[in-house]
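Hi,

Here's the structure I promised to pass on.

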Amino acid sequence: MNAQQDNPECATLEPTTSDPAGVYSHSTDSAYFDADCEPIVLNIYFWGIKHPDGVDYFPDQAHDVLTAVASLNILYNQFNIFFKYKGFEKIQSPTLPNDPDGHFVMENTSQFSGLISWANANGYKKADAFNVYVFGWGSFGGISPGYNVTTSGVGAAGLTKATITHEIGHNLNLIHTRSSRGFNGERVTRDVNDPDYNADEAGDLVVDTAANPGYRDANGNYPYISANCTYDNDGTQVDYDGDAYIPTHEDVINVLSDAYDCMDAQSPLTNGQGIRAREAIEDDVNGLFAPTITDIASLFELYVGEYYLNGTTEPAPPLFQPGFDYRFFECSCDCPQPSNYYDTSFTYTNNSLLTISKYETDFSKITHPNHSAINLGITLCGAVLVRRCYDNYNKGPKSGSITRFNDGVLNGNVTITPKDSLGINNPYLVDELNPGLYKVEKNYDEGATQETVIFKE
Ligand SMILES: [Zn+2]
């Protein structure tokens, strides 16, 4: 098999004048997001294309898919755009006439439309989610079949790199920042009073990305990019008016740049790009985005596992998608397990029973401890979201103690008897106590404690 797995080139075509334009403000104002209290949450689903020979060439792909979900959230959350992971499944490609690799290998860009047709005909495309098709090898690294669409193709190696955030950017109407291909050449000037100013109608149409001449040449080399990913202008690269290009380092590494070797999954986007993406979703010229939008409550839902409710066997623990700074605050409630997202009647403290970074790569750690509520680090209109208290006392304590108040009143004259798991879970624990005043303390798995004062007659 031809190992071009690492080819980073994106095969997305530039928009044409026949593409629907939609409403776009060209704003670059960061205050756009300050006032924005309405998060947009988009469902996303992944399809791993298996080779027709049935061999699993990418056994770790499920982990890479979650890494992609994390990268998308880390990059797009600043624009109040969130991605809800809805699942991943591997589907086996048939062999095709004259192509024993089937849809697994994208030998050329036209094969992507064949993949989409096959997926559509076989029920491998969700109308209520963005669909990412992960192929094995290709002559290109990734593809979005246009703009304002909800399908993309990503080479397997691209799930953990900039390819995923780049192609989803195209889905969300973001154009390559380079200006020499496609649209009329973007001029360097950013002075709106300059008659040559065309940043809002040329190149990527976003005015806070620099005009850039395309960093990668036809041979896949970067003649003007230095080793530290800065644009090295020797004066020979000029726009149509003879002005030298002045892209910054941030422009070089922008996730919609074509300096692929300088980009990673969390390469930056500008405010202007974020606003363009938001406005594309809201305008929805193709009507494809609206069905993919879900509620912010969905981010507080597990993607696998289940909550322990009662009984002696514990199910696989609930797991939550990566890419957020989780804190699980100690909480208390008399509620269903866990409480409904919209029920905020429970109490909680600032004691985090479990803290997870958005960069955590061991996804099995991202579970919901008993006696805690979920905080994703999301603040909406100044309100910190702490939701879904899971406070289940059906699960036995792991240890505890009996404190006897020797004087029969709550003072310091006490005798403390530690109890192990068997002792504290003894159903006759209280029955077996002599008359007197006691405090029973129970310690639970995740650090929560429960204290009960008992007067035994
Ligand atoms: Zn691209």
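Before anything else, a word on how I use burial: buried means under 20% relative accessible area, exposed means over 50%, and partly exposed is what falls in between (1.4 Å probe, protein chains only). Keep in mind that this is a predicted model, where local features need pLDDT of at least 70, side-chain atom pairs count only at pLDDT 80 or more, and totals for chains, interfaces and linings use all residues. Residues are numbered from 1 along each chain as its sequence is written, and side-chain values use heavy atoms, with hydrogens and water left out.

The overall picture: the protein chain has seven helices and 16 strands. Those are DSSP runs numbered from the N terminus, helices being H or I with at least four residues and strands E with at least two. Of the chain's 457 residues, 51% count as buried, and the C-alpha atoms fill a box of roughly 95 × 55 × 40 Å along the principal axes. The domain assignment gives domain 1 (31-283), domain 2 (301-390) and domain 3 (399-456); bounds like these come from an automatic or database assignment. Between the C-alpha centres of domain 1 and domain 3 there are 60 Å.

Now the zinc ion. Its protein donors are Cys10 (SG), His166 (NE2), His170 (NE2) and His176 (NE2), at 1.9 to 2.1 Å. A donor here is an N, O or S atom within 2.8 Å of the metal (3.2 Å for Na, K and Ca), and since water is not among the atoms, sites may look incomplete. The four donor atoms subtend angles of 98 to 128° around the zinc ion, so the arrangement is tetrahedral; for four donors that label requires all angles to lie between 85 and 135 degrees. For reference, the ideal angle for four tetrahedral donors is 109.5 degrees.

In sequence the donor residues follow the pattern C-x155-H-x3-H-x5-H.

Phe112, Leu115, Ile116, Trp118 and Ala119 are buried in H3. They cover an arc of only 165° around the axis, so they lie on the same side of H3, the arc being that of the directions from the helix axis to the C-beta atoms. On the face turned away from that buried side are the exposed residues Ser110 and Ala121. After H3 comes Gly123, with a positive phi near 75°.

The cover over the buried residues of H3 includes strand S2 (81-92), strand S4 (130-135) and strand S7 (151-155). Thr151 lies in S7 and is buried, at 8% relative accessibility. Among the residues Thr151 touches are Ile116, Tyr133 and Asn171, leaving aside residues up to four places away in sequence; touching means heavy atoms within 4.5 Å.

Helix H2 (residues 61-76) is largely enclosed by the rest of the structure, because 13 of its 16 residues are buried.

Cheers

How values were computed:
Tetrahedral: all angles 85-135°; square planar, octahedral: opposite > 155°, others 65-115°.
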